[in-house]
Amino acid sequence: QVQLVESGGGLVQAGGSLRLSCAASGRFFSINDMGWYRQAPGKQRELVAFITSGGNTNYADSLKGRFTISRDNAKNTVYLQMNSLKPEDTAVYYCNANFRDFLLRDLEVWGQGTLVTVSS
């Protein structure tokens with residue numbers, strides 16, 4: 001069973017930084033895109049950023065310059081460095097990844113989410 005486990009969320013003051021991690025485990029042939037989404041209270045889940053297996057990145061326009069996504073393919077882990085945090089960044093952050101299993105089937109997996117709270 002393929003799983004994604006997030007860590008690194010918590011409470012931070014406005015202007016501070018946090019680094020989220022998401023590690024993949026289980027049996028799979030490869031990992032394609034990995035990304036982060038977030039869902040604030042009362043709002044829809046939105047894309048934060050994603051990164052391809054080759055390292056190409058894509059960000060939500062409103063977050064460019066403050067958030068940085070990276071991955072360590074050897075550790076099957078994706079990271080999200082968040083700087084200059086604002087209260088409006090408060091949300092549950094979800095990791096997402098697209099896997100290929102040993103039967104070459106594509107599988108999309110979500111993490112359980114990690115809460116980030118930014119106080120003013």
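**Disulfide and sheet**

Analyst: Let me begin with the link of Cys 22 and Cys 95, which is left-handed, with -85 degrees about the S-S bond. Please note that this is a predicted model.

User: Which parts does the pair tie together?

Analyst: Cys 22 belongs to strand 3 (residues 18-25) and Cys 95 to strand 9 (residues 91-100), so the pair ties together parts that are 73 residues apart in sequence. The sulfur atoms of Cys 22 and Cys 95 are 2.1 Å apart.

User: How many disulfides does a search of the whole structure find?

Analyst: The search finds one disulfide.

User: Is Cys 22 buried or exposed? And what about Cys 95?

Analyst: Cys 22 has 0% relative accessibility and counts as buried. Cys 95 is also buried, its relative accessible area being 0%.

User: What is Cys 95 in contact with, leaving aside neighbours within four places in sequence?

Analyst: Its contacts are Leu 4, Glu 6, Cys 22, Gly 35, Trp 36, Val 78, Val 109, Trp 110 and Gly 111.

User: How far apart are the C-alpha atoms of Cys 95 and Asn 56?

Analyst: They are separated by 17 Å, and the two residues are 39 residues apart along the chain.

User: Turning to the sheet, in what order do the four strands come?

Analyst: The order is 1-3-8-7, in an open sheet with antiparallel pairing. Strand 1 (3-7) and strand 7 (67-72) stand at the edges; each has a single partner strand, so one side of each is left without a neighbour in the sheet. On average, and with direction ignored, neighbouring strands of this sheet are turned by 15 degrees against each other.

User: How many bridges join strand 7 to strand 8?

Analyst: Six bridges join strand 7 to strand 8 (residues 77-82), and the two run antiparallel.

User: Where is Asn 76?

Analyst: Asn 76 is placed in the loop between strand 7 and strand 8. Its relative accessibility is 24%, so Asn 76 counts as partly exposed, given that buried means under 20% and exposed over 50%.

User: Which residues is Asn 76 in contact with, beyond its neighbours within four places in sequence?

Analyst: Asn 76 is in contact with Cys 22, Ala 23, Ala 24, Phe 28, Ile 31 and Met 34.

Notes:
Residues are numbered from 1 along each chain as its sequence is written. This is a predicted model: local features need pLDDT of at least 70, side-chain atom pairs count only at pLDDT 80 or more; totals for chains, interfaces and linings use all residues. Side-chain values use heavy atoms; hydrogens and water are left out. Two strands pair if DSSP finds at least two bridges between them. Axes are lines fitted to C-alpha atoms, for helices over the stretch in contact, and angles run from 0 to 180 degrees between N-to-C directions. Buried means under 20% relative accessible area, exposed over 50%, partly exposed in between (1.4 Å probe, protein chains only). Contact means heavy atoms within 4.5 Å. A disulfide is a pair of cysteine sulfur atoms within 2.5 Å.
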